[in-house]
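Work through the exercises below with the structure on screen. Each task is followed by a solution in steps.

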Amino acid sequence: MNSKKLSINIFLKHPGFPVAVVPVNVDEPSEPDYTFVSHFHDFQELAVIASGAGVQRINGVDYPVSAGDVFLLQGKDEHCFISGIDSLCVYNILYDQDNLPLPLGLFHKIGSYNMIFRVEPALRKNQNFISRIHLDMPVLTALIRQIKILQTVLDDGREGFEVESLTLLTTLILNICRNCTADAGGNGRTVLAERMNKVISQMEKNFTHHYSVAELARIMHTSPRNFTRLFHKVSGCSPIEYLLKIRLRHAAEILTSSDMSCSAAAWQSGFNDSNYFSRKFSEQFGLSPREYRKYNRESLRK
């Protein structure tokens, strides 16, 4: 089956602000409708099953879904709904996190966020791992109410809608993280996801600790080689590279929000060598720590 690549722009009410709510009711189709067309994209699609049931095909794997199920589709996941549709209603929240000031660094400290938005989508591509995130009915009802408010804010486009929309989107993601349950349908590979989630959450919370790959692999109950392979599949980089990014992100936050010296910010972020810190910081952000502080403070004054 040939898949169609979609751009988020065809769904936006406001070009340049990459957030959209696309409700899909198979009994009352509307345009543009790609429900039954295999497609992929490089933005995030948070699919919330509001009612009914159906079968969603993701990367060639069929997932029976029903009211309360939640899926994150991203990273060129090929997907569409196929047979077995029964009064299906879905709310798709589309957003491009690379072009939105979402608090991703803070989200990464939340274990359930890492599971839903990072670990589960990455391991889902393994056909032996069929997991789902589920919301109980009272939580689902409240969430749909919030989604409709976000949709109204985007439709109205009143002054300040960007701030209100970002606040609502952040709250939606947080509420899903706080209230979801994971159902692996009896599949033992959910243990793998839980262990990987534990590793990532531990690294996010204790980033000043000097972890070795062997130490992290022991948490996963696997070999260092297999752990490194799985970790790269989830995060897109090695465990040591990931830890470096966390430390640099934390240092950047300190430099922006405090008068702490660059060397002290480095130490607080887990770096023992200030020269190494400055070199890696410049590679990551394109500015030295001092230049980064100056640039961001000047931007805030404008």
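**Exercise 1. The enclosed space**

The largest cavity holds about 40 Å³ of space. The model is predicted: local features need pLDDT of at least 70, side-chain atom pairs count only at pLDDT 80 or more, and totals for chains, interfaces and linings use all residues. Residues are numbered from 1 along each chain as its sequence is written, and side-chain values use heavy atoms, with hydrogens and water left out.

Task: find which residues line the largest cavity.

Solution. 
- Step 1. On a 1 Å grid over the protein atoms alone, a cavity is a set of points where a 1.4 Å probe fits but cannot get out; lining residues have an atom within 4 Å of a point. A volume is the space filled by probe spheres set on the points, which are joined across faces, edges and corners.
- Step 2. With a threshold of 30 Å³ or more, the structure holds 1 cavity.
- Step 3. Its lining consists of G105, K109, F207, I246, R249, H250 and E253.
- Step 4. Helix α8 (residues 239-257) gives the largest share of this lining, 4 residues. Helices (H or I, at least four residues) and strands (E, at least two) are DSSP runs, numbered from the N terminus.
- Step 5. Sorted by class, the lining has 3 charged, 2 polar and 2 nonpolar residues. Here Ala, Val, Leu, Ile, Met, Phe, Trp, Tyr, Cys and Pro count as nonpolar, Asp, Glu, Lys and Arg as charged, and the others, Gly among them, as polar.

**Exercise 2. The open spaces**

Task: describe the linings of the largest pocket and the second largest pocket.

Solution. 
- Step 1. A pocket is an open set of points with protein on both sides within 12 Å along at least five of seven lines.
- Step 2. The volume of the largest pocket is about 720 Å³. Of its 25 lining residues, Q97, L104, G105, H108 and Y113 lie nearest the centre.
- Step 3. Two or more lining residues come from each of α1 (104-107), α2, α7 (224-235) and α8, and the largest share, 5 residues, is from α2.
- Step 4. The second largest pocket has about 500 Å³ of space. It is lined by 33 residues, and F11, V22, V24, P32 and N92 are those nearest its centre.
- Step 5. In the second largest pocket, β2 provides the largest share of the lining, 6 residues. By class, that lining has 18 nonpolar, 9 polar and 6 charged residues.

**Exercise 3. The nonpolar cores**

Solution. 
- Step 1. A nonpolar core is a set of buried Ala, Val, Leu, Ile, Met, Phe, Trp, Tyr and Cys residues joined through side-chain atoms within 4.5 Å. Buried means under 20% relative accessible area, exposed over 50%, partly exposed in between (1.4 Å probe, protein chains only).
- Step 2. The largest core has 36 residues, and those with the most contacts inside it include I93, Y95 and F117.
- Step 3. A second, separate core has 24 residues, among them V119, F207, I219 and F231.

**Exercise 4. The cysteines**

Task: count the disulfides.

Solution. 
- Step 1. A disulfide is a pair of cysteine sulfur atoms within 2.5 Å; the structure holds 0.
- Step 2. For C89, the nearest cysteine sulfur is that of C80, 18 Å away.
- Step 3. C89 is buried at 16% relative accessible area, and C177 is buried at 4%.
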